[in-house]
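Let's take a walk through a protein model together, one stop at a time. Keep the picture open as you read, and try to find each spot for yourself.

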Amino acid sequence: QAMTVDDLRAYFDKWFVAKNITVGIVGGYGDEKRVLELIKKEFANLIDDDRKLTEKNKFIWEKSEEIKKKLVSRKVEQAAVVMAFPGLNMNDERRFSLEILNIILGDGWTSRLMREIREERGWAYGIGSGIDLFADAGEVFIGAGLPKDKLKEAVELIMEIAFGLGVKGRWQIKESEVVTAKETFRGRFALAFDKPEEVLGSALDDLTFRGKIMTPEEILEKIKRVKVEEVRELARGLFKKELLSVAVVADYKELPF
């Protein structure tokens, strides 16, 4: 509500400068010379832009020794819950293992969370996990809509599964799950890269933040090389109680866990 037009203009002037822009083109525009001429024409007003780029702030996770909890009391039928852990930055080589870990945990119909929480127990219509990778930090998160009277049991089981992925026991990641997750990744990857804008977006991300464009073949080879113990080790490092943050929107006066 406090945002003004001047705020937006100041933000635009701060970051939309030539030194902070990467240009990508996809389509039948001819040879390299013609493409360069097109860029010079379309971006003529930026070519001579000599404004300095503002130094970007680096995000660092605060050290934590206990679970962070947040309750928003609201008269709603279900309990909406999100659990999150600090993750990896986008240049971390373990990001390929993280892709596999996320698919096994909660990204898709064959995932642990979908099978155990929704299919086996019927505690959630929607549940899943996801990852965000930024230049300086990242996160792994789990989200679910749960019956109000099953919030405690569901959260405890979700955490039991997450904490058990990397250690011996009932929930430890199996070799077969890694194989299935790799196949899932390859299928999704093929569908995504059938779209020119996805190919271009991936290339721009690589060029902007990594300085080198990875080919689809290189990405798939990285996924292929992921070992089950690497995924387990990553799970042990990420899923720790002291790193957990939990936010709940529900008709409670206080959290039941």
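Start at Asp 206. If you skip its neighbours within four places in sequence, Asp 206 is in contact with Gly 211, Lys 212, Ile 213 and Met 214. One thing to keep in mind from here on: you're looking at a predicted model.

Where does Asp 206 sit? You'll find it in helix α8, which covers residues 196–209. And is Asp 206 buried or exposed? Its relative accessible area is 3%, and buried means under 20%, so Asp 206 counts as buried.

Next, let's look at some rings. How many aromatic pairs does the structure hold? There are six. Take Phe 85 and Phe 163: their ring centres are 6.3 Å apart, and the angle between the planes is 85°. Planes over 60 degrees apart count as edge-to-face, so that's the label this pair gets.

Phe 85 belongs to strand β2 (residues 78–86) and Phe 163 to helix α6 (residues 151–164), so the pair ties together parts that are 78 residues apart in sequence. How accessible are the two partners? Phe 85 has 1% relative accessibility, so it counts as buried, while Phe 163, at 24%, is partly exposed.

For another arrangement, turn to Phe 189 and Phe 193. Here the ring centres lie 4.2 Å apart and the planes meet at 25°, so this pair is stacked. Phe 189 has a relative accessibility of 11%, so it counts as buried.

Before you leave the rings, go back to Phe 85 and Phe 163 for a moment. Together with Phe 239, they make up one aromatic cluster.

Our last stop is a meeting of two helices. Find α4 (residues 95–105) and α9 (residues 216–224): they pack at an angle of about 65°, and their axes are 9 Å apart. As for handedness, the crossing of α4 and α9 is right-handed.

Which residues do the meeting? On the α4 side they are Phe 96, Glu 99 and Ile 100, and on the α9 side they are Ile 219, Lys 222 and Ile 223. Sort the residues of this contact by type and you get four nonpolar, two charged and no polar ones.

Conventions
Residues are numbered from 1 along each chain as its sequence is written. This is a predicted model: local features need pLDDT of at least 70, side-chain atom pairs count only at pLDDT 80 or more; totals for chains, interfaces and linings use all residues. Side-chain values use heavy atoms; hydrogens and water are left out. Axes are lines fitted to C-alpha atoms, for helices over the stretch in contact, and angles run from 0 to 180 degrees between N-to-C directions. Helices (H or I, at least four residues) and strands (E, at least two) are DSSP runs, numbered from the N terminus. A crossing is left-handed if the near helix is turned anticlockwise from the far one by less than a right angle, and right-handed if clockwise. Contact means heavy atoms within 4.5 Å. Ala, Val, Leu, Ile, Met, Phe, Trp, Tyr, Cys and Pro count as nonpolar, Asp, Glu, Lys and Arg as charged, and the others, Gly among them, as polar. Buried means under 20% relative accessible area, exposed over 50%, partly exposed in between (1.4 Å probe, protein chains only). Rings of Phe, Tyr and Trp (its six-membered ring) pair if their centres lie within 6.5 Å; planes under 30 degrees apart count as stacked, over 60 as edge-to-face and the rest as tilted.
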